Amino acid sequence: MDQGEPLPSFEGLAAAFAKAKAEKEREEASGLRARTGDAAAANKRGEVHFKALHLIVIAFFTFLLILHVLGIYLFATGFLLTRLVLDETSECALPPIDISDVYSPGSAETGCWHPKSFEKAVVILVDALRYDFTVPFQATDSEQAQHFHNALPVLYDTAAKHPHQAFLRPFIADPPTATLQRLKGLTTGTLPTFVDAGSNFAGDAIDEDNLVAQLRNASKRIVHLGDDTWHALWPGYFEPNLTRPYDSFNVWDLHTVDNGVTEHIFPLLHPANTSKWDVIIGHYLGVDHAGHRYGPDHPAMAAKLSQMDEVFHRMIEQIDDSTLLVVMGDHGMDVKGDHGGESDDEIQAALWMYSKQPFFGRTSPDYATPPATAKERPVAQIDLVPTLSLLLGLPIPFNNLGAPIEEAFIGAQGSNYENLANVNRLAAAQIHRYQDAYAQARGLDPSTRASALALWDAANDAWDSIKKSKKSATSDWKTTFSAFSAYQSETLSICRALWARFDIPRMINGVLILVSALIVLGIYARGLDGEHAELTAPLLSIGAAGSVIGLLNGLGLTYLYTSLSLDQALSFGAAFGGIAGVGMGFWYIRRRIILPVPTSIWGWASVIFTLALSAGFAANSWTIWEDEILLHFLATFGVLAVASSFRQKNTIDRALGCYHSILFIVLTRLASFSRLCREEQIPYCKSTYYASATSSTSATWQLAIPYVVAFTLPNLIRSYFKGTRNHQGSAILWLDFALRFGLLLSAAYWTLDAADDGEWYPGYGDEIKTTKRLIAQLTLAIALAFGYSTFSWAKPFLNIETKKKESYESASFVVDDSGTSSITILGYANVHGSRYAILITMWFLAISLVEKPMGAGAIGILTWQIFSLFEIIDTNKLSNTSIGPVVLGLLGSFHYFKTGHQGTLSSIQWESAFIPLQTIRYPWTPFIVVLNTFGAQILCAIAVPAIVLWKQPPKKKSLLSDVAKAVATHVLFYAVINLATTMWTGHLRRHLMLYRIFCPRFMMGAVVLVVVDIVSILIAIGGARTSFLSVAEVFGWSDVGVARTATREREM
């Protein structure tokens, strides 16, 4: 043993402690050391003191989270557009205008306001049916056919060959192009508001007048088949014995919903069953899911469109003469198959109507052929509401803003302008009635509608003129029709502007809270001189008291000023009361407050990175190219780190610093090759995240990336542990076996997923789906269940060996045994950092699973960069500066884009929810989607405590305070970004690109801040507690994590 062989772990520890015990007893006997009982009591007091301080730090960061949530809530509810929903409903016996000289209203059997044209209707909604899916395509030298071309010819062919029986037109959706918002527009005839976007998967029942409600009021029997979103919006409206709803969220399932709709709809179309229903609504999801899973240019899309083509052929054959067949899309999809925004491909859907009888006409012979592109003769989706209402003899819903579609009322000969003028008069009159009610409810100034009212008067004068004349020409009816159409168009424009009004006071209140919270966070992070953990207690107690007082004051104000919104008063009162309380707390400890101004180049670099990025969000081009901006910022940091490393006096520090700084730059550049381009970046950007720019699946070669990560990254991480002699104990089990095995399982999952997508093994699809789902669940169990068990119960990664004197290394701690050898504690110098770093690798494994293969590679690079950053910070002695947490913020933001995401709603990878799950399960489904979307920011937030713990020995004082300071600095980075995007979005609220660029970036900034807040509280600071407890079990509490006296350490 004297020759340097390591003692077995427990034997070595026993020998070391036996010798230490003898020495301690000798000192106790001589009075040089406190008695054992006194030491144990002091150790216990230290533990209790640490746990109390840790709980206070957790509570303070929770307080900051609440401030952020309240500020974001007030701004968002004032900014995201809403409209007043009126409770009035249209009634069959009460038309909006006198029509006694044209028709006798009041009978649902013959038609409420207009003669009924059809007894029954079959309404088919093909989710994401883009218009160019339905029109023929001729390949040219400059443009080749894609898989979706010419796969669904029946709609175009029928409309072209039988124009009196069918028509096909572009069907333009109002953004946001999410299914729930589109269903509201398609049934109410109203415009959506952006605030609805957040409820796309949790819609509330529609409480305003709508087409489905009018059908039920008319005692129509409605059957629904397909997407279960309809049942969330209209619970209890459908025939229970015939209706078949299906889960709509599993975008990886292309066939279950479609096959179910087809299976049940054709028996209902049989003559023996047509007496059981009046309206059938079928909602097919396969085209939408094929787009999400593969993109439009994929054989699966062609197969799905061909299936729809066959279905429509059969429907045409089976419907009877009194049934109207309607086929439509609710929105389109972009080149990757996603939707949610306002690009042309996302808003351009298709509308097709068919009747066995010659019913439809054209206002011009030029319109006999359907439009070749969606830019020609488009129809607004809200126009479907008055059209279907009048064709089925129903009242037009009260809140409708649409106009009847020409082809449905002009007559088969295309000359019945009298009927066209009549139905447009009815629709315009209902719009006028709605606008009167809305103006009264909102207290709008009459001047707001002056232009529309003038057109209304002109249209009625034209109508009255015709009625007074004994003989009217077709041109007179054309003029009247045009006059009422002009009124409808003008009113629609006014409503768009009217509902684009923002609640400025609420927005200002939200911004004030965010600004004040930012000041509090900034002082706490970089303006306290001393123990952050110790100083948190007065700030928290006074701040909490202030919140309670502010909450009560807000409640009182709502009684004094009844016009004041309750939620606004309570939110603002609680927030500002708490902020004022923290301000008083700062005054109480004012001698510990210093001016948070940088005093080093690293402090200034942190400020410049943060402020420059924030200021740039005022420009749409900066926001669009944010990923490239972050690339340059990170490269700049790498260059500064190289320069700083060259100045280190210690040769080892100089070499390590230069190596890891250069490695950091190289890895940043390597990660930049993974990109998903947003529409505005094309043609200056080429997507590499998927197999092609028009695909949503990975290329075959990309499947190798997770295997490369599995075989290399554990070795790389192990090298960091070996460098500090911490590759001991549980670290060996986790890094060499569990982590590697989990990564191999993740790689196997994506291989099976590709086999499932590509149908490599026909006939084994169900087995592959089940196997890959079990593999995903096992991987998550290893990452989180086994990982947290290991992290919670593992001892510090230390070992004991004896060596000849002067043969020990810097990563070890040596105890002289007064002989020829010494006892060495391996891993002593990085006991805190190595212990905590296991937490980073656990979450890396979980995040790697839920990212696509290219994203798994990016997350692997990020993890490698994080460990290199630890070495850069240590060799340059920067653990107490702000640069580490800020660079982690930049890394998280950069790799957000490298994992296939953008600042757009359409880039959310909803399908990730079904990696470990077959159906939607709360809270796991949103948890997986958040982990996929913000995995990079989550991983970097978890890594923040390691910035100050890496290569810190157990006797380092004030580590809990250092952790709190670093986490606060990291959150401060995201808080500045959130405030900037919030203020710029509010300032640019009339910008043309508001909802395309600025609003999604604001929403992203707000969600990221909240996510980072939660992760910092529950995982980062919570994980630091587990790590400290583990180290203290070996080394005691006198020096672990917290110091009873403050030391002045100020390095910005």
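Me: What area is buried between domain 1 and domain 2?
Reply: About 1,200 Å². Carbon and sulfur atoms give 72% of that area. Buried area is the accessible area (1.4 Å probe) that two parts lose on being put together, summed over both. This is a predicted model, where local features need pLDDT of at least 70, side-chain atom pairs count only at pLDDT 80 or more, and totals for chains, interfaces and linings use all residues. Residues are numbered from 1 along each chain as its sequence is written, and side-chain values use heavy atoms, with hydrogens and water left out.

Me: Which residues of domain 1 lose the most area to domain 2?
Reply: Leu191, Phe398 and Leu401. Together they make up 53% of what that side buries.

Me: And where are the domains in the chain?
Reply: Domain 1 covers 120–380 + 388–401, and domain 2 covers 416–501. The bounds come from an automatic or database domain assignment.

Me: New topic. Which peptide bond is cis at Pro923?
Reply: The bond from Tyr922 to Pro923, with omega near 5°. Another cis bond joins Ile682 and Pro683, with omega about 10°.

Me: What about phi of Asn150?
Reply: Phi is positive there, about 60°, although Asn150 is not a glycine.
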